[in-house]
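This report describes the fold of one protein chain.

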Amino acid sequence: MEMLWMIEPWHWLVLGFVLLIVEMFVPTFASLWFGAAAIIVAALLWLIPIPVSVQIIIWLVLSAIFLVAWFKFIKPLSVDRTKAGLGGSVIIGETGMIIVAPQPERAGMVRFSVPIVGAAEWMCRTRGEQVAVGDRVVVTDIVGNELIVSTMTSQAVINKNS
C-alpha cells in the first residue's frame, strides 16, 4: 500500500509536461500554470526529499499563485486594443490623422494612434470635402477597403443637426 503513495520526481515532471501539452490544445492559460507548478515541484523533489502531502500542497499553492499573478497582473498588460477580427463597423467613429490627402482621382491615407482592425494606416476618401495632411478626421463610413472620412468640425455639425 505504501508503494501506491510514493510519487517520484519524474511523475511530477510528466504531469507538468502533459499539462503544458494540454495547454496547446485548450488555450485558456489555466493548465499552463498547473503544469509549471508541477515542474517546479519535480525540481524541488530532486533536490530535497519531500513527503507526498507536502508535495501536493506546494503544487496547489504554486498553481494558485501563478493563476492569480496571471489574471491580476500579467493578462491585463496583454489586452489587444487593435480590434482585429471584429467587423468593420468598429472603425466607424474612430479618429485619425490624414497623412496623404485624398484627391478626386486617388485615395488618401489616414493613420490611427492605435491599430484598428489590424492596421494603423488605411486608405481613405471623403465625400467631396477637402482635407489636408495633418487634419484630424473621423471615419463616417466604409466602402470596400476604403474608409470614408470627414473633418472633425464637419462631423460636429452633422451630429449637432441629428
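## Strands β4 and β5

In which sense do strand β4 and β5 pair, and over how many bridges? The model, which is predicted, shows strand β4 (residues 136-143) and β5 paired in the antiparallel sense, with 6 bridges between them. Two residue pairs can be picked out in this pairing. Asp-141 stands opposite Ile-148 in β5, and Ile-142 stands opposite Leu-147 in β5.

β4 and β5 form a hairpin with 2 residues between the strands. In this hairpin Gly-144 takes a positive phi near 65°. How much of β5 is buried? β5 is mostly covered, as 5 of its 6 residues are buried.

## Strand β3 and its two partners

Strand β2 (residues 108-116) and strand β3 (residues 119-125) are antiparallel and pair over 5 bridges. With strand β5 (residues 146-151), β3 pairs in the parallel sense, over 2 bridges. Strands of a sheet pair through backbone hydrogen bonds, and the pairing may be parallel or antiparallel.

Cys-124 can be followed to both partners. Gly-108 has Cys-124 in β3 as its bridge partner, and Cys-124 also stands opposite Leu-147 in β5. For Arg-125, the bridge partner in β5 is Ile-148.

## The barrel

What do the strands form together, and in which order do they run? They make a closed barrel of 5 strands in the order β1-β2-β3-β5-β4, with mixed pairing. From one strand to the next, the twist averages 55°.

## The chain as a whole

The chain contains 4 helices and 5 strands. Along the sequence they follow the pattern α-α-α-β-β-β-β-β-α.

Of the 162 residues of the chain, 28% count as buried. The chain exposes about 10400 Å², and carbon and sulfur atoms supply 70% of that area. Among contacts with a separation of 6 or more, 47% are between residues 24 or more positions apart.

## Helix α1

Helix α1 covers residues 9-25.

Pro-9, Trp-12, Gly-16, Leu-19 and Glu-23 are the buried residues listed for α1. They cover an arc of only 90° around the axis, and therefore lie on the same side of α1. On the other side of α1, Met-24 and Phe-25 are exposed. The buried residues of α1 pack against α2 (31-47) and α3 (52-74).

Glu-23 lies in helix α1. Why does Glu-23 count as buried? Its relative accessibility is 8%, and buried means under 20%. Leaving aside neighbours within four places in sequence, Glu-23 is in contact with Thr-28, Phe-29, Ala-30, Ser-31 and Leu-32.

Ile-7 lies in the segment before α1. With a relative accessible area of 27%, Ile-7 is partly exposed. The residues that Ile-7 touches, not counting those up to four places away in sequence, are Trp-12, Leu-45, Val-52 and Gln-55. Of these, Trp-12 is one of the buried residues of α1. Ile-7 and Ile-50 are 43 residues apart along the chain, while their C-alpha atoms are separated by 9.7 Å.

Notes: Residues numbered from 1 in each chain as written. Predicted model: local features only at pLDDT ≥ 70, side-chain atom pairs only at ≥ 80, totals over all residues. Heavy atoms only, no water. Expected span 1.5 Å × (residues − 1). Buried < 20%, exposed > 50% of the residue type's maximum accessible area, 1.4 Å probe, protein only. Arc of directions from axis to C-beta. Contact = heavy atoms within 4.5 Å. Pairing = 2+ DSSP bridges. Axes fitted to C-alpha atoms, helices over the stretch in contact; angles between N-to-C directions. Areas by Shrake-Rupley, 256 points an atom, 1.4 Å probe, with all protein chains shown as cover.
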